[in-house]
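Please keep the sequence and the model in view while reading.

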Amino acid sequence: MHSVRRRWAAALLLLPLLAGCFAARDGSPYDAGAEAGGGRLRVAMAFPPAERFSPYGADATLLSRLGVTEGLTRLDGNGGAVPALAESWTRESGRSWLFTLREARFQDGTEVTPVAVADALTHATRADPPPAALTGVALTAEAVGERRVRVTAGTADPALPLRLSSPSLAVLSPKAYRTKAGTRRGETATVDPVGTATGPFTLTRATGTTRATLHRFDDYWGGLAHASGLDVRFIADGTARTNALRSGEVDMAEAVPVSQAATLDKATLREVPTARTTALFLNTRSGPFADPAVRAAAREAVDGSALAEDVYEGHADTGRGLFGPALTWAAGERPRPSGRPAAARVRNASITLATYDNRPELPEVAQVLQQRLRKAGFGVKLEVREYSRLESDALAGKFDAVVAARNTMLDTGDPVSYLADDFTCDGGYNLARVCDEAVDRAVAEAASRADDAARHRAALAAQTAVLRTDGVVPLVHQRILHGVGASVRGVILDPYERTFVGTGTRR
């Protein structure tokens with residue numbers, strides 16, 4: 001199984017932090033009149049590099065959040081694809097898109113050319129395991145003339161420009177791939193983003209999984225970054241990360257735990273709704289929850305509103321579906337699944353409920369659910385592991401239920417691709433092991449829609465089909481808390497969790 005850690009982080013609703021701000025060329029807000037050439041920023045990140053900064057796994061989002069890498073497209077605040085390294089694109093056919101590149105340079109000084117872009121995308125398709133954005137997708141890329149790249153999917157893919165916004169499809173210079181060992185797995189392990197990306201900051205040095213040094217890239221196509229560089233510390237413990245901010249050791253700390261929010265001044269906290277939904281996934285293929293009536297009993301036993309107020313201390317929204325209020329096209333929608341079976345009367349059904357402790361609220365959520373399920377007649381054994389030690393067993397159906405937090409827009413930015421990967425018979429990340437003909441039909445119908453509005457409507461209809469199975473019970477839609485020093489401006493608040501530092505971020 002491919003690593004779940006790459007599925008953690010997500011994206012680009014860029015919200016100004018001060019009145020009177022305006023957008024830099026990369027979309028990040030900064031104060032009018034600010035001068036480039038500012039000091040270095042000290043940043044505390046929650047997740048350390050897990051795969052030597054490979055762009056194809058969990059570290060892809062880390063590189064994106066630090067402003068190192070970028071792809072042909074990026075996501076805007078409405079979840080649409082907008083220009084990044086590609087300044088425009090046109091659809092040639094159901095399977096083929098033609099992208100026109102902007103003038104840009106790699107951090108090693110070489111030019112971003114169609115050949116280099118096509119080569120970078122080709123390397124991503126050969127990675128083993130494949131990036132999540134390419135799961136089940138056959139993709140080819142070829143240079144066309146001096147400024148264009150043709151990208152072709154194996155089957156019709158209306159969401160291809162969205163897919164290319166994925167951090168795991170970042171474009172690196174040819175130098176990044178020169179040390180590959182030759183085998184497909186070797187290629188993945190040896191792709192080197194140090195000094196080979198295109199973003200406003202260049203990764204220059206990493207000290208294991210504890211620290212990294214980044215310098216400003218002065219030839220960035222989007223304009224000169226205000227900060228001269230980043231000194232990054234990777235601090236997995238949320239309390240320690242918060243303490244580093246409070247003591248002045250760092251200027252910014254991402255993902256402050258809810259339990260630590262009260263220890264910081266309100267002016268220091270930045271709260272942003274995200275596309276991340278915490279849910280209870282029930283094993284629909286084996287064990288007690290193979291019975292739809294037993295799943296219905298579990299659904300009726302849990303209460304997302306209590307979790308939002310108690311465990312998340314009001315820093316979350318009650319789960320109303322798979323897509324939360326951070327997604328403008330889903331805001332206000334309340335799925336109303338019909339045809340669910342009546343809940344069974346449960347007596348001493350023994351289940352194992354699993355979760356992971358990388359996100360500190362999840363074990364507490366699981367403990368609350370354990371109590372509620374016990375009251376409903378279930379015998380509940382709770383198992384908590386580190387995420388990388390949990391995923392393969394969860395996907396193999398070794399647990400009856402799993403509490404997990406999933407950013408629905410992280411991998412591709414396309415809600416239909418998320419539904420296909422997580423809830424169809426052939427899905428690669430199907431924690432609930434759902435295999436339902438009605439769901440597959442609804443997802444296939446949504447996948448056929450090319451117009452954004454029509455695709456979103458169809459995705460919401462497919463969401464209702466998924467919820468009708470009771471394989472997944474949405475609990476809360478998360479908000480992320482970031483700690484930002486009083487002197488810092490221009491931090492990017494991103495519901496898709498793909499971006500944190502931009503050209504306008506400074507102190």
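## A loop with a cis peptide bond

P129 is located in the loop that runs between α2 and β8, where helices (H or I, at least four residues) and strands (E, at least two) are DSSP runs numbered from the N terminus. The peptide bond that joins D128 and P129 is cis, with an omega of about 5°. As background, most residues other than glycine have a negative phi, and most peptide bonds are trans.

## Basis of the description

This is a predicted model, in which local features need pLDDT of at least 70 and side-chain atom pairs count only at pLDDT 80 or more, while totals for chains, interfaces and linings use all residues. Residues are numbered from 1 along each chain as its sequence is written, and side-chain values use heavy atoms, with hydrogens and water left out.

An open sheet is formed by 4 strands in the order β6-β7-β9-β8, with antiparallel pairing; two strands are taken to pair if DSSP finds at least two bridges between them. Its edge strands are β6 (86-91) and β8 (139-144), each of which pairs on one side only, and the twist from one strand to the next averages 25°. For angles such as these, axes are lines fitted to C-alpha atoms, for helices over the stretch in contact, and the values run from 0 to 180 degrees between N-to-C directions.

Strand β7 (residues 96-101) is joined to β6 by 5 bridges, and the two run antiparallel; within this pairing, W89 has F99 in β7 as its bridge partner. T100 also belongs to β7, and it counts as buried because its relative accessibility is 12%, where buried means under 20% relative accessible area, exposed over 50%, and partly exposed in between (1.4 Å probe, protein chains only). With neighbours within four places in sequence left aside, T100 is in contact (heavy atoms within 4.5 Å) with A86, E87, S88, R147 and R148. Lying across β7, β8 and β9 (148-153) is helix α2 (residues 114-126), which runs at about 170° to β8.

## Helix α12 and its surroundings

Helix α12 (residues 452-468) has 17 residues and reaches 24 Å from its first C-alpha to its last, close to the 24 Å expected at 1.5 Å a residue, the expected span being 1.5 Å times one less than the number of residues. At its N-terminal end the helix is capped by D451, a side-chain oxygen of which lies 3.2 Å from the backbone nitrogen of A453. Just after α12, D470 takes a positive phi of about 60°.

Because 12 of the 17 residues of α12 are buried, the helix is largely enclosed by the rest of the structure. Among these buried residues are A454, R455, H456, A458 and L460, and the elements that cover the buried residues include α10 (415-423), α11 (437-447) and β19 (472-484).

## Two nonpolar cores

A nonpolar core is a set of buried Ala, Val, Leu, Ile, Met, Phe, Trp, Tyr and Cys residues joined through side-chain atoms within 4.5 Å. The largest has 73 residues, and those with the most contacts inside it are L280, L322, F323, L369, F378, L419 and F423. Its largest share, 7 residues, comes from α12. Apart from this core lies another, of 62 residues, including F99, A127, W221 and L493.

L419, leaving aside its neighbours within four places in sequence, is in contact with L322, F323, T424, V443, A459, A462, Q463 and V466.

## Strand β14 and its partners

Strand β14 (residues 269-282) is mostly covered, since 12 of its 14 residues are buried. It is joined to β19 by 10 bridges, with the two strands running antiparallel, and F281 stands opposite V472 in β19. With strand β18 (residues 401-407), β14 pairs in the antiparallel sense over 7 bridges; here T278 stands opposite A405.

## Positive phi values in two loops

F53, in the loop between β3 (41-45) and α1 (59-65), has a positive phi of about 60° although it is not a glycine. At 8% relative accessibility, F53 counts as buried.

A255 is found in the loop between β13 (252-253) and β14, and its phi is near 50°, a positive value in a residue other than glycine. At 22% relative accessibility, A255 counts as partly exposed.

Terms used. A polar contact is a pair of N or O atoms within 3.5 Å; within protein, one must be able to donate a hydrogen and the other to accept it, and residues adjacent in sequence count only if both atoms are side-chain atoms.
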